[in-house]
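Take a look at the chain below. This short report walks through its layout and then visits a few residues.

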Amino acid sequence: MENQNKECRNCHSEVTKGVGRCPYCGILNPTIELKDIFKTIFWVLFIMAIVTYLLPKS
Ligand SMILES: [Zn+2]
């Protein structure tokens, strides 16, 4: 069984991948990388653009 650990983006301690909170420094989602956040923001903007496009102009 492979133990998937990742480095905390704040304190660089080894934490379990996908853990909600770093047990060492206490930040939320320590294994989420900046590119994942940008990806999420991109999708939100993309969906908002589609919704805005589809809505009838008043
Ligand atoms: Zn940490």
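## A residue in a loop

Where does Pro-23 lie? Pro-23 sits in the loop between strand 2 (14-16) and helix 1 (34-54). Helices (H or I, at least four residues) and strands (E, at least two) are DSSP runs, numbered from the N terminus.

Pro-23 is exposed: 11 other C-beta atoms lie within 10 Å. A residue counts as buried with 20 or more other C-beta atoms within 10 Å of its own, exposed with 12 or fewer, and partly exposed in between; C-beta atoms are placed from the backbone. Thr-40 is 17 residues away from Pro-23 along the chain, and 25 Å separates their C-alpha atoms.

## About the model

This is a predicted model, where local features need pLDDT of at least 70, side-chain atom pairs count only at pLDDT 80 or more, and totals for chains, interfaces and linings use all residues. Residues are numbered from 1 along each chain as its sequence is written.

## The whole chain

The chain has one helix and two strands. From the N terminus, the order is β-β-α. The radius of gyration is 17 Å, well over the 10 Å that the globule rule gives for 58 residues, so the chain is more spread out than a compact globule. This radius is taken over C-alpha atoms, and the rule is 2.2 Å times the number of residues to the power 0.38.

Along its principal axes, the C-alpha trace spans about 55 × 25 × 15 Å. Buried residues make up 3% of the 58.

## Two positive phi values

His-12 is in the loop between strand 1 (5-7) and strand 2. Its phi is near 60 degrees, a positive value in a residue other than glycine. His-12 is exposed.

Asn-29 is in the loop between strand 2 and helix 1. Its phi, near 45 degrees, is also positive. Asn-29 is partly exposed, with 15 other C-beta atoms within 10 Å.
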